[in-house]
Amino acid sequence: MWEAIRRWFDPAELRSIGEPPDYRFSLANERTFLAWLRTALALVGGGLATAQFLPPLPMSHLREVIAVALLLLGGAVAIRAVDHWARTERAIRLGEELPASRFPAVLALALAAGAVLLVVAVLVRAIGGQ
Amino acid sequence: MSTGRDPGLQPERTRLAWRRTLLTASVVTALAARLASAGDPVGALVAGSTVVVWGALLALCWPRATGTGPARTGGRTLPLVALGTVGLALLGVLLVLRRLG
């Protein structure tokens, strides 16, 4: 794991692998990384907004739990973005198949599950409040 | 077009992607600084830290967002920008936990 982290910060090693690719592919890989980073920043921003703009919820600390979950998810997406970028760059230079990833599917399902839970919480509160 | 290459568009699109990322990071920093500024010394310190992280992100992204000529790709900038994002997330967690205590 530390080896992988060291590799992210060592561009010289990445450049020593395989063939220099068509620069368009490197630029496309970089834009994909940036799109994931914006996804990460949006999650972090969502967590920060939840913490300060949402009124306290009836369930104790639910607001803080939502905020911390979004913040940690954002951090995880950012780290995974670097890892995926480095592995893709490696694959492009070596002419291998691009790395497959379950992460987008897992993230989508986790966010959908969170949304469904909150919808249920809102409905329970609306019905219970009458 | 006989060559399949497009020297202009790819670097331009990447430059715009860096700008969008920098804008998003600026909004997130503003949200973090707002959450931090509770008026006490610790809050001011954390608010200051978010601004320092934003300054680092600005310095990192600026050459990529405004660069002319052949675009550079990859390098240490990418992991460092991701690290800045993780830093903002952790500062956010710290702020949320502090408000609980």
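**Close-up views of a predicted two-chain model**

Figure 1. With a relative accessible area of 13%, B:G84 is buried. When neighbours within four places in sequence are left aside, B:G84 is in contact with B:V53 and B:L57. B:V53 stands 31 residues away from B:G84 along the chain, yet the C-alpha atoms of the two residues are separated by 6.2 Å.

**Figure 2. Overall make-up of chain B.** Chain B has three helices and zero strands. Along its sequence, the pattern reads α-α-α. Of the 101 residues in chain B, 41% are buried. Among contacts in chain B that join residues at least 6 apart in sequence, 72% link residues at least 24 apart.

**Figure 3. Packing of α3(A) against α3(B).** The two helices pack at an angle of about 10°, and their axes lie 10 Å apart. Because angles under 35 degrees count as roughly parallel, α3(A) and α3(B) are described as roughly parallel to each other. By class, the contact between α3(A) and α3(B) comprises 13 nonpolar, three polar and two charged residues. On the side of α3(A), the residues taking part are A:E30, A:F33, A:L37, A:A40, A:L41, A:V44, A:L48, A:A51 and A:Q52. On the side of α3(B), they meet B:L78, B:V81, B:A82, B:T85, B:L88, B:A89, B:G92, B:V96 and B:R99.

**Figure 4. The largest nonpolar core and the surroundings of B:V96.** The largest nonpolar core has 48 residues. A:F33, A:L48, B:W18 and B:V96 are the residues with the most contacts inside this core. Elements of both chains give two or more residues to the core: α3 (23–53) and α4 (62–94) of chain A, together with α1 (9–36), α2 (41–66) and α3 (77–100) of chain B. Apart from its neighbours within four places in sequence, B:V96 is in contact with A:A51, A:E64, A:A67, A:V68 and A:L71 of chain A, and with B:L35 of chain B. Of these partners, A:A51 is also listed among the residues of α3(A) that meet α3(B).

Figure 5. A:N29 is buried, its relative accessible area being 7%. Residues up to four places away in sequence not being counted, A:N29 touches A:W85, A:T88, A:E89 and A:I92. A:R38 is likewise buried, with a relative accessible area of 16%. The contacts of A:R38, again leaving aside neighbours within four places in sequence, are with B:A17, B:R20, B:T21 and B:T24 of chain B. A:R38 and A:F9 are 29 residues apart in sequence, and their C-alpha atoms are 20 Å apart in space.

**Figure 6. The salt-bridge network that includes A:R7 and A:E13.** The structure holds ten salt bridges over all chains. A:E3, A:R6, A:R7, A:D10 and A:E13 are linked in a network of salt bridges. Within this view, A:E13 forms a salt bridge with A:R7, and the closest N and O atoms of the pair are 3.2 Å apart. A:E13 is partly exposed, at a relative accessible area of 24%. A:R7 is also partly exposed, its relative accessible area being 37%.

**Figure 7. Further salt bridges of chain A.** A:D22 forms a salt bridge with A:R24, with 2.7 Å between the closest N and O atoms. The side chains of A:D83 and A:R87 also meet in a salt bridge, at 3.3 Å from N to O. A:D83 and A:R87 are separated by about one helical turn, because they are four residues apart in helix α4 of chain A. A:D83 counts as partly exposed at 23% relative accessibility, and A:R87 counts as partly exposed at 38%.

How values were computed
Residues are numbered from 1 along each chain as its sequence is written. Chains are lettered from A and ligands numbered from 1 in the order in which they are written. This is a predicted model: local features need pLDDT of at least 70, side-chain atom pairs count only at pLDDT 80 or more; totals for chains, interfaces and linings use all residues. Side-chain values use heavy atoms; hydrogens and water are left out. A nonpolar core is a set of buried Ala, Val, Leu, Ile, Met, Phe, Trp, Tyr and Cys residues joined through side-chain atoms within 4.5 Å. Buried means under 20% relative accessible area, exposed over 50%, partly exposed in between (1.4 Å probe, protein chains only). Contact means heavy atoms within 4.5 Å. A salt bridge is a side-chain nitrogen of Lys or Arg within 4 Å of a carboxyl oxygen of Asp or Glu. Axes are lines fitted to C-alpha atoms, for helices over the stretch in contact, and angles run from 0 to 180 degrees between N-to-C directions. Angles under 35 degrees count as roughly parallel, over 145 as roughly antiparallel, 65 to 115 as roughly perpendicular and the rest as oblique. Ala, Val, Leu, Ile, Met, Phe, Trp, Tyr, Cys and Pro count as nonpolar, Asp, Glu, Lys and Arg as charged, and the others, Gly among them, as polar.
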